[in-house]
Each structure stands twice: as C-alpha cells, then as structure tokens.
Amino acid sequence: MPQESSHAVRATAPHRVVVIVDENSNPFELGCATEIFGLRRPEIGRDLYDFRLCSPAPRTLMRDGFFTLTGVEDLEATRSADTLVVPNRPDVGTPRRPAVLDAVRRAHERGARLVGFCSGAFTLAEAGILDGRRATAHWQWADAFRARFPAVRFERDVLFVDDGDILTAAGSAAALDLGLHIVRRDHGAEIANSVSRRLVFAAHRDGGQQQFVERPLPDLPDESLAPLLAWAQEHLDSAVTVSGLAARAAVSPATLHRRFRAQLGTTPLAWLTGERIALACRLIERGESRFDVVARRTGLGTAANLRALMRRGTGLSPSAYRARFGPASG
C-alpha cells in the first residue's frame, strides 16, 4: 500500500529523511544534509527527523577519492523514505547507476518528497521525473543541463526551487538554504530559526535570490548593510519603506538597490517583505490569533494584506499556518 504523501511530517513518528550516497558524491552537500536533518536537537526537545544514509555499494568512494564511506544501509532503505535526497557529484556527464535511478523513481511513485542539492538535479532528470517541472542546479552546469534535458523548466539564477514534492538547490551553500527552507516548511519559522542559529547561518534567504552576488564583500566597510538591516528588523512594525531605508543609509534609493543586489542578491522591498512574513509566522506560532494584530505588528498593514503575502511567501494562509504550527498544533 502506498505510504501517505510526505508533504507534511507524520504525527506518529519522525519524518524519515534518507540520503543516497553514490560513487564520487560531493561530501559538502552530504555534510549539509547530515547537519540539518541528522543531528539531535536538545535545544528543541525532540528529534525533527529520522535520518538514514544508504548506498548502492558496501564501499563508496567519495569525490576525488578523498575518503571511503562504509557501514551504511543499502538501497532498500529508500523504500521507507518520506524525503529522499538524491546523489550529486561533479561528473554530471556520467550516467547514474540504474539501481539508483530505479530507487528514485519508486520513491517518487509512492509520494515521497525528493531533494536534489547542486548537481542532484541531473539525477532527478535522468530518472525521468523532472519533465515539465521547475528545477535548478549550480550555474556552471546550466547550459549542459538545458542541452541534455530540454523538457525541464530550468531556472538558472536562483538559490533553490520548491516545486512541491521535488525541490532542488544550486551549488554548495544553497544546500543549507534549501535545507532550512524544508525545516521551515515542515516545522515552522521558530524551529527553522533555532536550527539556523546552531548553524550560525542566515535564517532565511528566499529561493529567488541570485546564486552569486556582484562582489563577495563591499569595497568600503561603511557600505555594509548589516547595521541598516539590524535597525530595520527592530522597526518592522513601523512604516519602514525603501525610501526611508535609503534616507537612513544616506544614499539614494537607486544606490541602496544596487547595494542590496550586490551584497544580498535581492531587492530592498523583497527583503523587507520577507522579514515581515517571517515575523508574522513567529507571532502566529507563539499564539497570536488576531490576524489584524499580526498585520499591524509586522508592518503588513491589514489582515487582507497579511493573508495575501503569507500565502505567497509560505504557501499557507494565516489560518492554515496557525492550524499547522500554532501552539495547539503540537
């Protein structure tokens, strides 16, 4: 009998995340999956996931022969996965093992959620489950991917793509962004923030942000956005606008826009809206049931605006979010 679709965490047991490790797999993305889904969370008071590693071979040589992975389960473990993380590796032109592709197809057919980090999108596409679907991968493989899999709706300049039951992330660090997005989707903003604090990583970078920015660091120390962002986060309940942010930074709105693009890969308005939605989620999780109050305290104005922006940002209305992540839901 097919298992229940894994779009939500099961109430009776931790959601099972299984990672397939194949020959020449990248250790960084494996580490990201282990860090986000595999570690115990004593600060939270419960395990968020049941985490397993598996491989099609008893000994798996990792990328460039740096080390060998042994002692993990075989591909039979994929049959019980609620979320299956597929292999990624730098040799994108080498076909994946048929046994791995069969395991991915079976998981998809029974409703498991599938995740591809970095070049993992090649595994998903080779398994034949991405045709007509949205996906991304590291920018350096964009042209090769599009040429090989023209039926996939490839999105080049994004951090990650959430296409419902199939999620893909761009290169390396974007695996952390997607992993935290999955935690937020499964367990809410408060839990995701707790995990991000332990990682010492940004709690939320929207998937639509650019894969890389114009420069990794500002040319001048006083161009850093950090003080401005910290101030804005403390004043989300007031009428903070893009022009107001520019005035506080003593620059023109156009200059502020360029700095946001360069340093954060997004726009000032998109950043403000994302921060306000994140705050709304936290307030609802903490028990605030008056949506007009949530809208006012987050600077979103009206309950109608709150509903529209939360649905766009989280896929859930405020009422549905409260039912899933509010105090009574636990």
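Visitor: Hi! What is the mean pLDDT of the chain, and what share of its residues reach 70 or more?

Guide: The mean pLDDT is 86, and 88% of the residues reach 70 or more. pLDDT is the predictor's confidence in each residue, from 0 to 100. This is a predicted model, where local features need pLDDT of at least 70 and side-chain atom pairs count only at pLDDT 80 or more, while totals for chains, interfaces and linings use all residues. Residues are numbered from 1 along each chain as its sequence is written, and side-chain values use heavy atoms, with hydrogens and water left out.

Visitor: Where is the pLDDT below 50?

Guide: Residues 1-11 are one such stretch, with 23 contacts in the model beyond near neighbours in sequence. Contact means heavy atoms within 4.5 Å. Over residues 207-222 the pLDDT also stays under 50, and there the model has 38 contacts beyond four places in sequence.

Visitor: New topic! How many helices and strands does the chain have?

Guide: There are 13 helices and 10 strands. Both are DSSP runs numbered from the N terminus: helices are H or I with at least four residues, and strands are E with at least two.

Visitor: And which elements have the lowest and highest mean pLDDT?

Guide: Helix α6 (residues 189-199) has the lowest, at 84, and strand β5 (residues 83-85) has the highest, at 98.

Visitor: What is the strand order in the open sheet?

Guide: The open sheet has 6 strands in the order β2-β1-β5-β6-β10-β9, with mixed pairing. Two strands pair if DSSP finds at least two bridges between them. At the edges are β2 (49-54) and β9 (160-162), each pairing on one side only.

Visitor: Do β5 and β6 pair in the parallel or antiparallel sense?

Guide: Parallel, over 3 bridges, with β6 covering residues 113-117. Thr83 has Arg113 in β6 as its bridge partner. In general, strands of a sheet pair through backbone hydrogen bonds, either parallel or antiparallel.

Visitor: Back to α6. How many of its residues are buried?

Guide: α6 is mostly covered, with 8 of its 11 residues buried. Buried means under 20% relative accessible area, exposed over 50%, and partly exposed in between (1.4 Å probe, protein chains only). Among the buried residues of α6 are Ile191, Val195 and Leu199.

Visitor: What do those buried residues pack against?

Guide: The buried residues of α6 pack against α1 (27-38), α5 (174-187), α10 (268-285) and α13 (318-325).

Visitor: What share of the whole chain counts as buried?

Guide: Of its 330 residues, 50% count as buried.
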